[in-house]
Every structure is written in structure tokens, then in C-alpha cells.
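Please read it with the structure open beside the text.

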Amino acid sequence: MISIHDHSGIEALRKRLRIDPQALRRLRGAFLRTFRGAESALEELPSAERVEFAGAVRFHDLELAEVQDSKLDGASKLLFRTADGRAIESVILRIKTGRTALCVSTQTGCAGGCLFCATGRLKGVRNLTTAEILDQAAQAGERLRGEGRPLRNVVFMGMGEPFHNEENLHAALEELWGRNGFHLSDRHLLVSTLGIPDAMRRLAHRFPRVGLALSLHSVRQEIRDSLMPLTRRWPLSELRAAVSELNALQDHPVMIEYLMLGGLTDTDADLAQLVQWLDGLRVHVNLIPYNPGMAGDTGEAAIRPSPPERLEEFLAALKRAGFRATRRHSLGGDIAAACGQLARRREPGA
Ligand code: SAH
Ligand code: SF4
């Protein structure tokens, strides 16, 4: 079987079945842009070739195992199962303004091992294929079409470190943005990373309009090193140089994600050093309240949320210092769909 997202495979099949390129383009448009679903998309092909094409092509690489809708807000968590039995998740975010975003996963776990993150606790990390990444968008798009809501934004903030799966990430971005693919605006795509300087540069060179979010969380080297063990090899000075280079390549600011942890990242010294570190950079700071992991997942005793009023103080101080700063409102708290809670203790359906 050939995945619908495998361009060269599909093209070879098209030639073999002598399908008109226009008909194939219409099929792709129906499936990837208007999310009409496989059955309806196949109607774009002449009936003579339809059956053989349908028999040779795989439209979905993931099995949707479960959907959990938040009772608190407009979030839905989609639990998928891969062909080799791994569980991954995507989150649909129906934002009040009417915008609809999808948070996608790039790996089945994460080697980042950040102390505050549930995904980092999962064993047996594997990269998702390009088709597995894209199928999250295809299946979410189809669901949203049923609600009359177009999928507009795709954020790579689900399970995994996108730059640990760089080749498939780039291929997926190409397809999400491409005219012959999902045809979303590249301005509506955002990649969140623990901060790998060379990979950040490569992304900005290849996709200058795609957004980059850096999980900074602390500018005190020893604190960042202990919270995010994998980042030790890229000192904060090197990270800052990379953000500065991105600023030169892109016309939108780099998003700085900053997790508010009581006593660890929210002290006066943290604030002063953060303002200093950011000085001269074009950034949008997003302060993130800490979401406790599902019980038992992140048992780090020292890690606790910062009081909400402290977050407000940080916000005000950053604004006074001239930075764009916002607070992240996580959706889906009741279904463990919020940042850092994307991890499963059991396989879906088990
Ligand atoms: N690996 C990438 C993208 C996935 S994590 C990265 O680290 O950026 C997406 C975001 O969720 C990151 O900013 C991450 O630091 C944040 N996050 C992880 N655990 C969290 C938690 N328990 N509470 C709040 N945010 C968390
Ligand atoms: Fe991986 Fe990001 Fe979680 Fe760190 S925060 S473990 S990099 S998914």
C-alpha cells in the first residue's frame, strides 16, 4: 500500500493507472484541503481507475482509538494508535475567537527528559513518519469539517522534540503549506523546540515564515541544565546567538516559552536576568503556568507551580521592559490535553 502522503509513490501509481494529473489533483484537494474524507475524494477519479487506486492507496496511517472532549473548554484530545501499536496524541484547540488550531506530535515519546514534562517519562521513543504526522492533521481536519470549522493553525507542541525528527518535520511542513498539499498559510505553522541552535537556523532558512517557539524556561544556566538535562550541550549564550540570527532572517518575532516554576524560575533574580537576556531580541514572551502531570507521571517534589499573582508580576515587568508578553491559557486541563500532559499510561483501547 502507498500512503497518500508519499508523492513519488502516488505519482508512479498515477502513471501506471494512466490517471489524469488534474483528476489526481482534485482528489488531493478534496482530501487534504477541504477534508471531505477518502470516500468522497475518490469520486474525483473516473470510475474505471477508482477501484484500483483505492485498493493500492492508504489514506490513513493512524487509527483513531479514542476522542476525549473537554467539558471545560473547546479542547478535544485525539488518541491515535500507530500500526506498530504505539499511542500518540493530538489536541484540537477551538479558540474563542473562532480560530481552530491543532497541536501535533512528532514522536512517540521524547528523549528530552525535561523534569516537568510527562512525555519525557515515556519509554521507547520513535520518530513518527511524515505520513503519521500529516494524518493527525487530515483526521482532525475531517472532524472539524463536520463542525463547520476550518483547521487553520498547526502547532508542533505535542509529544516529542520536533528537531529530533527533523527530516520528517520538514517534509510535513512542506506538505502542510504546499499548494498541492493542505495549503495552510506558513504563517499559521509553529514549531516548538527545547532549543537546538543549528536546527533552529535550518528551519528559519528553509521556512522563513514558519514560527519558532523556544522553550527557554530559565536563563540561569545551572537551573536550565537541571530542568532540561538534554540542553546542557548548548549553552545559553549560543542559544541567544541563534535567536538573534533568526530575528535577522524572519519578520515575525521568536516566541519565548517560559515556564513559571515556584522558586526555580520565578525569583527576582530570574526576572532581572531574563530581561537582560532578552534585551535586543525581537521576541514574544509566553509565560506558561505549570500543569502538574497526571498523578505519578512527574513526581519531582521540587517542581511546583508559581503562584498566579507572581505570573502577573512577571507579565507586567516584561511589558514595562518593552517586550510583548502574554500568559498561556492552556485548554483541556480536565482531559490532560494541556502542555506537558500528553502522555499515556496505557495504550488506547487497552
Ligand atoms: N519538545 C518541544 C515541544 C513539545 S513540549 C519543546 O519542549 O518545546 C511543548 C511545550 O510544553 C514546551 O514549551 C514545554 O516546555 C511545555 N511543557 C512541558 N511540560 C509542561 C508542563 N508540565 N506544564 C506546562 N508546560 C509544559
Ligand atoms: Fe521533550 Fe519538550 Fe517534553 Fe522536554 S518538554 S521532554 S523536549 S516534549
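Phe35 lies in the loop between α2 (21–33) and α3 (38–42), where helices (H or I, at least four residues) and strands (E, at least two) are DSSP runs numbered from the N terminus. Phe35 is buried, with a relative accessible area of 8%; buried here means under 20% relative accessible area, exposed means over 50% and partly exposed lies in between, using a 1.4 Å probe and protein chains only. The phi angle of Phe35 is near 55 degrees, a positive value in a residue other than glycine.

This is a predicted model, in which local features need pLDDT of at least 70 and side-chain atom pairs count only at pLDDT 80 or more, while totals for chains, interfaces and linings use all residues. Residues are numbered from 1 along each chain as its sequence is written, chains are lettered from A and ligands numbered from 1 in the order in which they are written, and side-chain values use heavy atoms, with hydrogens and water left out.

Arg145 is found in helix α5 (residues 130–146) and is partly exposed, with a relative accessible area of 44%. Leaving aside neighbours within four places in sequence, Arg145 is in contact (heavy atoms within 4.5 Å) with Thr34, Phe35 and Arg36. The C-alpha atoms of Arg145 and Gly37 are separated by 9.7 Å, although these residues are 108 residues apart along the chain.

Arg94, in strand β5 (residues 87–94), counts as buried at 17% relative accessibility. When residues up to four places away in sequence are not counted, Arg94 touches Gly74, Ala75, Ser76, Arg99, Thr100, Leu144, Glu147, Arg149 and Leu331. Arg94 and Arg14, by contrast, are 80 residues apart in sequence and 37 Å apart in space, C-alpha to C-alpha.

Most residues other than glycine have a negative phi. His217 lies in the loop between β9 and α8 (221–227), and at 5% relative accessibility His217 counts as buried.

## Packing of α7 on α9

Two packed helices are described by the angle between their axes and the distance between the axes. Helix α7 (residues 197–206) and helix α9 (residues 236–249) pack at an angle of about 5 degrees, with their axes 9 Å apart; the axes are lines fitted to C-alpha atoms, for helices over the stretch in contact, and angles run from 0 to 180 degrees between N-to-C directions. That angle makes α7 roughly parallel to α9, since angles under 35 degrees count as roughly parallel, over 145 as roughly antiparallel, 65 to 115 as roughly perpendicular and the rest as oblique. From α7 the contact is made by Pro197, Met200, Arg201, Ala204 and His205, and from α9 by Glu238, Leu239, Ala242, Val243, Glu245, Leu246 and Leu249. These residues divide into eight nonpolar, one polar and three charged, where Ala, Val, Leu, Ile, Met, Phe, Trp, Tyr, Cys and Pro count as nonpolar, Asp, Glu, Lys and Arg as charged, and the others, Gly among them, as polar.

The buried residues of α7 are Pro197, Ala199, Met200, Arg201, Leu203 and Ala204, and what covers them includes α6 (166–177), β8 (189–193), β9 (211–215) and α9. Ala204 counts as buried at 2% relative accessibility and, apart from neighbours within four places in sequence, is in contact with Leu246, Leu249 and Gln250. Ala204 and Leu249 are 45 residues apart in sequence but 6.7 Å apart in space, C-alpha to C-alpha. Within α9, Asn247 counts as buried at 10% relative accessibility, and its contacts beyond four places in sequence are Val254, Leu281 and Arg282.

## Domains and the nonpolar core

The chain is divided into domain 1 (2–58) and domain 2 (63–335), with bounds that come from an automatic or database domain assignment. The centres of the two domains, taken over C-alpha atoms, are separated by 33 Å, and the contact takes twelve residues from domain 1 and 15 residues from domain 2.

Of the 111 residues in the largest nonpolar core, Phe53 and Trp277 touch the most other members; such a core is a set of buried Ala, Val, Leu, Ile, Met, Phe, Trp, Tyr and Cys residues joined through side-chain atoms within 4.5 Å. Both domain 1 and domain 2 give residues to this core, so it lies between them.
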